[in-house]
Amino acid sequence: MKKLELHWQILIGMLFGILFGFAMTQIGWGKEFVSDWIQPLGTIFVKLLKLIAIPLIVASLVKGISDLKDISKFRNIGLRTIATYIITTVVAITIGLLLVNVMNPGSGISEETVTKLTDTYAGDAGVTSKLEEASRQKDSGPLQFLVDMVPDNALAAMTDNALMLQVIFFTIFLGISMLLIGEKKAKPLKDFFDALNEVVLKMVDLIMLTAPYAVFALLAGVVVSSSDPDLLLALLKYAGVVVLGLALMIVFYSTIVALVTKKNPFWFLKEISPAQLLAFSTSSSAATLPVTMERVEEHIGVDKEVSSFVLPVGATINMDGTSLYQGVAAVFISQALGFDLTFGDQLTIVLTALLASIGSAAVPGAGMVMLVIVLESIGFPPDKLAIGLALIFAVDRPLDMCRTVVNVTGDATVSMLVAKSVGKLGKPHVHDWDEHYDEVK
């Protein structure tokens, strides 16, 4: 019997997880059982992926830069990457604003629903923590993001996945310095990072063997911890606008892949689907990064010289799905609370969402922090910020899962576009987890 492909295994695990979660919510002790005995398995899986994210970035990026032999090539890759990410983010925000203005989901929210959502979530720890973090970021200087990119302790930066930009900065600095001392002197260090890269990629293969079971646990945990179904239904129109916008972004990516790289877009989506499904399950671009890199390099054929820079940078600064969500959410909240927006306000949303996406942590919930910054940029009343966040808090987690899928798909798309532009898009070369098993039996 032919073994099911990985994306089908993960999809089946997700479906069983959702069904199992719903079933357990009907049993008195079901939620506690899932929280105590099922969800920890998914948490361990996410921790394993985060465990290898930083070593993979360091090893892969050093290897990619040291293989270039020419610093000017790295400059070309860097400039094309940043420019492409900015363009796709602007497209995402524009799609979101067009949809929310045409469909006007905020007009369907009654005063009773606003009151109920406010009473339920305005004082929630999740909402208040987002407001505090946004206030901290707003009080920082205009060049603070550049200051935050430079670590004062490289080892300390490597202990925190939220400091991924600092790790990327140090690693690029290290890789360029290796080029400048000459190939002969740099060879021992290059050999070390080449070997480390192979070892970490093998760890990705081994961790992915448990992926179908892990997503079962993760999705079961999400279902049993979901909010009041009545509140979810009240926000269905808003959620539908966000999901429609995210779906249009996937169509946009697929079209660009077909036009620029001449690859079959359905083939592209199939090859990247395991990373998309994990992004949906974990709501974290950082946790999904090892899998995204493995799929893009081995299954799509993007050269490591490109993927090792484009994907880690993308996991940090490319927030297409999150930026689209911010545009929709900001206008939806304004519609629901009767705060009129001018055309200039909406242009401000585009610019602020674009700037806020750079340096935003690639972790669950970061989008709501960015949303507060966007709302404050258009003069939204400070005393109503908590109410605004409370309006969308009930559906934030499921929408976070969906927008992370778009973020990851955007990273993969841009890596293909950049690789094609510099002649580094080749044939896929898949490595199985047990291809060297005979050597160690």
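Trainee: Is the crossing of H3 and H20 left-handed or right-handed?

Mentor: In this predicted model, H3 and H20 make a right-handed crossing. Two packed helices are described by the angle between their axes and by the distance between those axes. Helix H3 spans residues 71-103 and helix H20 spans residues 396-421; their axes cross at roughly 135° and come within 10 Å. Angles over 145 degrees would count as roughly antiparallel, so H3 and H20 are classed as oblique to each other.

Trainee: Which residues make the contact of H3 and H20?

Mentor: On the side of H3 they are Ile-77, Arg-80, Thr-81, Thr-84, Tyr-85 and Thr-88. H20 contributes Gly-410, Asp-411, Val-414, Leu-417, Val-418 and Ser-421. Sorted by class, the contact of H3 with H20 has five nonpolar, five polar and two charged residues.

Trainee: At what angle do H10 and H13 pack?

Mentor: Helix H10 (residues 211-224) and H13 pack at about 30°, and their axes are 9 Å apart. Angles under 35 degrees count as roughly parallel, and H10 and H13 are therefore roughly parallel to each other. The crossing of H10 and H13 is left-handed. Ala-211, Val-215, Leu-218 and Leu-219 of H10 meet Leu-278, Phe-280, Ser-281 and Thr-282 of H13 in this contact. The residues of the contact divide into six nonpolar, two polar and no charged.

Trainee: Where is Thr-292 found, and which residues does Thr-292 touch beyond four places away in sequence?

Mentor: Thr-292 is found in helix H14. Its relative accessible area is 3%, so Thr-292 is buried. Not counting residues up to four places away in sequence, Thr-292 touches Ile-272, Ala-275, Leu-311 and Val-408.

Trainee: Where is Ser-284 found, and is Ser-284 buried or exposed?

Mentor: Ser-284 is found in the loop between helix H13 (265-282) and helix H14 (285-300). With a relative accessible area of 1%, Ser-284 is buried. A polar atom of the Ser-284 side chain lies 3.4 Å from the backbone nitrogen of Ala-286.

Trainee: What is the phi of Lys-262, and where is Lys-262 found?

Mentor: Phi of Lys-262 is near 65°, again a positive value in a residue other than glycine. Lys-262 is found in the loop between helix H12 (236-261) and H13. The relative accessibility of Lys-262 is 67%, so Lys-262 counts as exposed.

Definitions and conventions
Residues numbered from 1 in each chain as written. Predicted model: local features only at pLDDT ≥ 70, side-chain atom pairs only at ≥ 80, totals over all residues. Heavy atoms only, no water. Helix = DSSP H or I, 4+ residues; strand = E, 2+ residues; numbered from the N terminus. Buried < 20%, exposed > 50% of the residue type's maximum accessible area, 1.4 Å probe, protein only. Polar contact = N/O pair within 3.5 Å; in protein donor to acceptor, adjacent residues only side chain to side chain. Axes fitted to C-alpha atoms, helices over the stretch in contact; angles between N-to-C directions. Parallel < 35°, antiparallel > 145°, perpendicular 65-115°, else oblique. Left-handed = near helix turned anticlockwise from the far one by under 90°. Contact = heavy atoms within 4.5 Å. Nonpolar A, V, L, I, M, F, W, Y, C, P; charged D, E, K, R; others polar.
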